Amino acid sequence: MHSEDQATNLEGHSSNKPLNRRDFVRALTIATTAGPGMIAAGLSGLAMTRSQRAEAAEAIADTMGKLPKVNLGKRTGNMKITPISMSVDWNRDLYAPALAMGVNFVHKAGYWKSMPDEFKNIPRESYYTDITVDNTSPGQNPDNYDQAYGQVVTSLEKNGLKYYDVYRAHYGWHSPEKVMATNNTSYKAFLKLKQEGKVKYFGVSQHPYAGTEEEIREKYAVMTQACIDSGIIDFMQVWYSYGYPQDVKDIFAKASKAGIAMTAMKINQHGRGKMQGDPAQQKAMKAEGQIGRALIRTVMTEKRPDGKSIFQTCVSALGNMNQFEENIGGLSPKVAARDGFDLYSHFA
């Protein structure tokens, strides 16, 4: 029986209940023959237990190999992280395989109410975290020092992380004058927390707020320029995806050139429709029919005028093995080599 026929037969047997151990091993063996970056597709539609899903995820991580670590901006010392970051939004089943691939940054770790089991036995210094501090979020008071300071202290007491590498003002600020150090309550809280050893670097997760597309673009450019001019921003996380206007790309390139470590977010949410309608771009990214992979490769290979990458890392909410393989696979050297995609020269 051919592999495709075997897989179909196994899928039929598993439609009502999880595979038994023998059938699961057979299914995983068949799927693995497809090569790095293709296992999850071969297991799609099979009912599996949680332990079987975990084993499959480990196999996916093993075939895709380790992700390289890239240099961040000029303001972050010798920090190096993988070009995709983990997020608290992820399905917990994906934590272990991500760690196995070397993913070493956790976005929104401040929302952990306790230390996840996957992190309990690894050195705290082996990975980086951020906390998104919510006093700058919509409906909150950006001048509430006690809220900003208290959120960091209280969260560390709960999750036992000891410190966060990045204090990240969630949503960012509404006006340029609020970014400047003398008027920036978040920065004042950060300085106190840094003195106490609870944070290291200051950043922002800048959201553009509501309005027309033109108003959003204008405000994003204004606020990004204010962050650059302030001289206090070490990390910036921003909305960016395939099909964004050139002026948005230009201002982010300017922030990157200024030495700010840049993270792209909303890659799938904001670019999926455009990428689905552009088979030529999928082909250029060597990811035909794999929208997440095409999007991540497009964004992470965007260049500044000096030829260097705009973004050092990206973050995306991943809910299952298929999303994990498609998205992280886009940045795997093994998968890129199999696809014939020249990926890592872009990070030189």
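A salt bridge is counted here when a side-chain nitrogen of Lys or Arg lies within 4 Å of a carboxyl oxygen of Asp or Glu. The structure is a predicted model, in which local features need pLDDT of at least 70 and side-chain atom pairs count only at pLDDT 80 or more, while totals for chains, interfaces and linings use all residues. Residues are numbered from 1 along each chain as its sequence is written, and side-chain values use heavy atoms, with hydrogens and water left out.

By the salt-bridge rule the count comes to 13. One of these joins the side chains of Asp165 and Arg124, at 3.2 Å from N to O. Asp165 belongs to strand E6 and Arg124 to the loop between strand E4 (105-107) and E5, so the pair ties together parts that are 41 residues apart in sequence. Helices (H or I, at least four residues) and strands (E, at least two) are DSSP runs, numbered from the N terminus. Both Asp165 and Arg124 are buried, where buried means under 20% relative accessible area, exposed over 50% and partly exposed in between (1.4 Å probe, protein chains only). A salt bridge also links Glu196 with Lys192, at 3.6 Å from N to O; Glu196 is partly exposed at 30% relative accessible area, and Lys192 is partly exposed at 34%. For Asp306 and Arg304 the N to O distance is 2.6 Å. Here Asp306 is partly exposed, at 38%, whereas Arg304 counts as buried at 13%. Salt bridges with shared partners also join Arg293, Arg297, Arg338 and Asp339 into one network.

Helix H6 (residues 145-159) has 15 residues and should span 21 Å at 1.5 Å a residue; its end C-alpha atoms are 22 Å apart, which agrees. The expected span is 1.5 Å times one less than the number of residues. Among the buried residues of H6 are Ala148, Val152, Leu156 and Asn159, and their cover includes strand E5 (128-133), strand E6 (164-171), helix H8 (185-195) and strand E7 (199-206). At the start of H6, a side-chain oxygen of Asn144 comes within 3.3 Å of the backbone nitrogen of Asp146. After H6 comes Gly160, with a positive phi near 70°.

Helix H9 (residues 213-230) reaches 26 Å from its first C-alpha to its last over 18 residues, close to the 26 Å expected. Its buried residues, including Tyr220, Thr224 and Cys227, pack against helix H7 (176-179), E7, strand E8 (235-239) and helix H10 (246-257).

Now to the nonpolar cores, each a set of buried Ala, Val, Leu, Ile, Met, Phe, Trp, Tyr and Cys residues joined through side-chain atoms within 4.5 Å. The largest has 93 residues, of which Tyr167, Phe252, Phe311 and Phe324 touch the most other members. A second, separate core of nine residues includes Met79, Val166, Tyr201 and Ala261.

Rings of Phe, Tyr and Trp (its six-membered ring) pair if their centres lie within 6.5 Å, with planes under 30 degrees apart stacked, over 60 edge-to-face and the rest tilted. The structure holds 19 such aromatic pairs. Phe119 and Tyr127 are edge-to-face, at 5.0 Å centre to centre and 70° between the planes. Tyr201 and Phe235 form a tilted pair, at 6.1 Å and 50°. Tyr201 lies in strand E7 and Phe235 in strand E8, so this pair ties together parts that are 34 residues apart in sequence.

How values were computed:
Contact means heavy atoms within 4.5 Å. A polar contact is a pair of N or O atoms within 3.5 Å; within protein, one must be able to donate a hydrogen and the other to accept it, and residues adjacent in sequence count only if both atoms are side-chain atoms.
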